[in-house]
Amino acid sequence: MKARVFVMLKDGVLDPQGAAVQHALGGLGFDGVQGVRQGKVIELDLADGTPEATVRDMCEKLLANTVIESYRIEMS
């Protein structure tokens, strides 16, 4: 079984990497980009039957800095 964890900076938290990507896109002629937020995706291969609550615990303890980041979990 797989889990995907999508981690993004919370709204209102400065995203310098996103700003750099937006600036670079503008320099390449992509003028319509009004904002960029950069995040990360973490894929986990889990034992069958692993509950989502376990993945949530992983996020709270290690995978996301919940002070400045939010996360979303997809299980499949």
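How many aromatic pairs does a search of the whole structure find? The search finds zero. This is a predicted model. Its largest nonpolar core has 11 residues. An arginine charge over a phenylalanine ring is also present, between Arg72 and Phe6.

**Nonpolar core**
- The 11 residues of the largest nonpolar core are Ala3, Val5, Val7, Ile42, Leu44, Leu46, Val55, Cys59, Leu63, Ala64 and Ile73.
- Val55 is one of the core residues. Beyond its neighbours within four places in sequence, Val55 is in contact with Ala3, Val5, Leu44, Leu46, Ile73 and Met75.

**Charge over a ring**
- Arg72 places its charged end over the ring of Phe6. The distance to the ring centre is 4.2 Å.

**Helix H1**
- Helix H1 covers residues 16–27, 12 residues in total.
- From first C-alpha to last, H1 reaches 16 Å, close to the 16 Å expected at 1.5 Å a residue.

**Val21**
- Val21 lies in helix H1.
- Val21 counts as partly exposed because its relative accessibility is 32%, between the 20% limit for buried and the 50% limit for exposed.
- Leaving out neighbours within four places in sequence, Val21 is in contact with Val36 and Gln38.
- Val21 and Asp57 are 36 residues apart in sequence. Their C-alpha atoms are 31 Å apart in space.

Methods
Residues are numbered from 1 along each chain as its sequence is written. This is a predicted model: local features need pLDDT of at least 70, side-chain atom pairs count only at pLDDT 80 or more; totals for chains, interfaces and linings use all residues. Side-chain values use heavy atoms; hydrogens and water are left out. A nonpolar core is a set of buried Ala, Val, Leu, Ile, Met, Phe, Trp, Tyr and Cys residues joined through side-chain atoms within 4.5 Å. Buried means under 20% relative accessible area, exposed over 50%, partly exposed in between (1.4 Å probe, protein chains only). Contact means heavy atoms within 4.5 Å. Rings of Phe, Tyr and Trp (its six-membered ring) pair if their centres lie within 6.5 Å; planes under 30 degrees apart count as stacked, over 60 as edge-to-face and the rest as tilted. A charge sits over a ring if NZ of Lys or CZ of Arg is within 6 Å of the ring centre and within 35 degrees of the ring normal. Helices (H or I, at least four residues) and strands (E, at least two) are DSSP runs, numbered from the N terminus. The expected span of a helix is 1.5 Å times one less than its number of residues.
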